[in-house]
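Keep the structure open beside the text as you read.

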Amino acid sequence: MGSLVLLNNFLHDFSAAAWLVGAVVAHIVLKHAGRGTDPGDALPRVLKTVLLMMRLSVLGIVVCGLLRALAYSRYEWSEAAGHSQVWLLAVKHIVFTAVFGLGCIPYVRAARFVRRHHEEKE
């Protein structure tokens with residue numbers, strides 16, 4: 001039962017992060033669209049902001065992840081889940097690594113788009 005509670009907590013955090021990303025991206029799109037600019041000109045600015053968010057997120061994942069790993073056994077270890085939480089953490093990190101890897105594809109495509117658009121404007 002402890003592993004199911006832990007899995008529920010992971011899914012809750014993931015859902016909260018997805019909601020936050022959706023809200024921030026919607027805000028950025030609406031902010032740029034509301035300026036009355038040509039949508040073709042707004043898109044590179046929106047993507048530039050999204051790419052910055054993605055880079056900052058990777059930094060947060062690495063720094064906070066290292067700190068969390070160092071403190072896990074003392075502050076987050078669940079006696080109710082026992083050692084089954086170790087394999088659950090491994091599965092979670094495998095899934096999130098796959099999600100990260102897949103996210104690199106649109107990141108690279110967006111970065112190329114922004115770079116091409118910037119070069120065309122010069």
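## Starting from one phenylalanine

F10 is found in helix α1, where helices are DSSP runs of H or I at least four residues long, strands are runs of E at least two long, and both are numbered from the N terminus. Before going further: this is a predicted model, so local features need pLDDT of at least 70 and side-chain atom pairs count only at pLDDT 80 or more, while totals for chains, interfaces and linings use all residues. Residues are numbered from 1 along each chain as its sequence is written, and side-chain values use heavy atoms, with hydrogens and water left out.

Is F10 buried or exposed? With 9% relative accessibility, F10 counts as buried; that label means under 20% relative accessible area, exposed means over 50%, and partly exposed is in between, using a 1.4 Å probe and protein chains only. Leaving aside residues up to four places away in sequence, F10 touches L88, L89 and K92, a contact being heavy atoms within 4.5 Å. Between F10 and V21, 11 residues apart along the chain, the C-alpha separation is 17 Å.

Helix α1 covers residues 2-33, and A17 sits in it too. A17 counts as partly exposed because its relative accessibility is 40%. From A17 to E119 you go 102 residues in sequence and 33 Å in space, C-alpha to C-alpha.

Now zoom out. The chain has 3 helices and 0 strands, giving the pattern α-α-α along the sequence. Its radius of gyration is 19 Å, well over the 14 Å from the globule rule for 122 residues, so the chain is more spread out than a compact globule. That radius is taken over C-alpha atoms, and the rule is 2.2 Å times the number of residues to the power 0.38. Along the principal axes, the C-alpha trace spans about 60 × 25 × 20 Å.

How much of the chain is buried? Buried residues account for 19% of the 122. As for contacts between residues at least 6 apart in sequence, 69% of them join residues at least 24 apart.

Last stop, the cysteines. The structure holds 0 disulfides, a disulfide being a pair of cysteine sulfur atoms within 2.5 Å. C64 is in none, and the nearest cysteine sulfur, that of C104, is 19 Å away. C104 itself is partly exposed, at a relative accessible area of 32%.
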